[in-house]
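Q: Could you walk me through this model, starting with how the chains meet?
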Amino acid sequence: MSKIGIRALRLFILFGRNTIGCINSPYTTYRALAKDTVSSGQIIYILLAVIGYFTFASLVRTGIRNPYLLTVKFNTLVIGGTVGFVGIITLLALLGKLLGGKGQFRNLVILWSYTLIPTLVWFFVTSVFYLVLPPPRTLSPWGKLYSLIYISFSMAVLLWKFILYYLTLRFGLKFDLGRIGIVTVVLVPAVVFYSIIMYRYGIFRIPFI
Amino acid sequence: MNTKQTYQLLLTKMYEVSELPPQKVGPFTHLYKTLVPYFKFSPWRSATLLASLASIFLYFLFGSAVVKLVSLLQFGF
């Protein structure tokens with residue numbers, strides 16, 4: 001195996017371990033990820049997973065009959081996702097500087113990239129269930145049961161996302177709860193604005209952040 | 001492990017612990033310190049339990065609106 005291959009495999013193992021860590025012990029994993037010695041190359045797998053998901057979502061939404069529409073859909077998803085990712089990182093970095101954060105930009109990018117895992121899980125599961133059990137749901141007992149399970153799943157993933165967001169600010173910028181609150185107050189309107197723009201242009205109905 | 005290595009490990013650990021100031025939330029600090037461990041390790045257990053209870057609560061509060069919300073969310077990807 002070539003040197004590049006070995007490095008790619010090493011980064012993949014690192015990515016896999018950290019992903020499992022984000023599920024089982026996010027606190028310990030994020031503390032370790034915030035160290036300066038952590039290899040930033042591992043986030044390439046998160047970005048690849050995001051690209052993979054956008055390809056899948058484009059296929060589900062537009063099908064393969066019209067390659068032009070498929071390409072347009074894929075490109076708009078990539079652009080919308082990139083704008084959200086870069087926008088939030090920039091905003092966090094700016095707020096970090098304004099509020100006296102101590103972390104490095106590189107660490108912030110790594111930590112925020114890992115918060116995309118809950119997002120990917122929710123979007124991927126929703127897309128698959130869109131195919132398996134297409135909406136709308138009915139008011140039958142099975143429809144209600146499915147709705148309860150789906151809402152529970154969505155809320156659990158949202159809570160996971162909040163935990164990772166909190167840990168990003170805690171370890172990435174070394175913020176206390178007060179400053180995390182201030183960042184959140186600034187970030188929420190920005191996310192709402194981003195969501196409205198994405199909705200208006202028909203890119204994301206639920207923001208991919 | 002010799003004394004020098006142990007000392008080095010202790011130093012690293014001390015640096016790691018002191019790098020972040022302890023979290024304080026005024027009169028709620030005790031409550032915060034009690035709740036947070038449930039989300040530090042295996043948070044999916046607490047998250048699943050909380051989310052299940054919340055969804056049942058939402059269903060009793062809003063009834064069939066929850067079913068409509070799920071239909072909307074399913075179109076949301």
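A: One definition comes first: two residues are in contact if their C-beta atoms, placed from the backbone, lie within 7 Å. This is a predicted model, and in it the contact takes 33 residues from chain A and 30 residues from chain B.

Q: Which elements of chain A give two or more residues to the side that touches chain B?
A: Those elements are α1 (3–24), α2 (26–33), α6 (116–132) and α7 (141–172) of chain A, and the one that gives the most is α7(A), with 13 residues.

Q: And what is that side made of, by class?
A: The side of chain A that touches chain B has 20 nonpolar residues, along with 8 polar and 5 charged ones.

Q: How does α7(A) pack with α5 of chain B?
A: Helix α7(A) and helix α5 (residues 65–74) of chain B pack at an angle of about 65 degrees, their axes being 9 Å apart, and the crossing is left-handed.

Q: Which residues meet there?
A: From α7(A) come Gly143(A), Lys144(A), Ser147(A), Tyr150(A), Ile151(A) and Ser154(A), which meet Val66(B), Val67(B), Val70(B) and Leu73(B) of α5(B). By class, this contact has 6 nonpolar, 3 polar and 1 charged residues.

Q: Leu145(A) is in that helix too; buried or exposed?
A: Leu145(A), which lies in helix α7 of chain A, counts as exposed because it has 11 C-beta neighbours inside 10 Å, and the cut-off for exposed is 12 or fewer. Its C-alpha atom is separated by 43 Å from that of Gly96(A), a residue 49 positions apart from Leu145(A) along the chain.

Q: Switching to α2(A), which residues are buried?
A: In α2(A), the buried residues are Pro26(A), Thr29(A), Tyr30(A) and Leu33(A). They cover an arc of only 95 degrees around the axis, so they lie on the same side of α2(A).

Q: What covers them?
A: The cover comes from both chains, and includes α1, α5 and α7 of chain A together with α4 (43–62) of chain B.

Q: Last one, within chain A: at what angle do α4 and α5 pack?
A: Helix α4 (residues 67–98) and helix α5 (residues 105–114) of chain A pack at about 135 degrees, with their axes 10 Å apart, which means that α4(A) is oblique to α5(A). The crossing of these two helices is right-handed.

Q: Who makes that contact?
A: Helix α4(A) brings Ile88(A), Ile89(A), Leu92(A) and Ala93(A), while α5(A) brings Phe105(A), Leu108(A), Val109(A) and Trp112(A). By class, the contact of α4(A) with α5(A) has 8 nonpolar residues, with no polar and no charged ones.

Notes. Residues numbered from 1 in each chain as written. Chains lettered and ligands numbered in written order. Predicted model: local features only at pLDDT ≥ 70, side-chain atom pairs only at ≥ 80, totals over all residues. Helix = DSSP H or I, 4+ residues; strand = E, 2+ residues; numbered from the N terminus. Nonpolar A, V, L, I, M, F, W, Y, C, P; charged D, E, K, R; others polar. Axes fitted to C-alpha atoms, helices over the stretch in contact; angles between N-to-C directions. Parallel < 35°, antiparallel > 145°, perpendicular 65-115°, else oblique. Left-handed = near helix turned anticlockwise from the far one by under 90°. Buried ≥ 20, exposed ≤ 12 C-beta atoms within 10 Å, placed from the backbone. Arc of directions from axis to C-beta.
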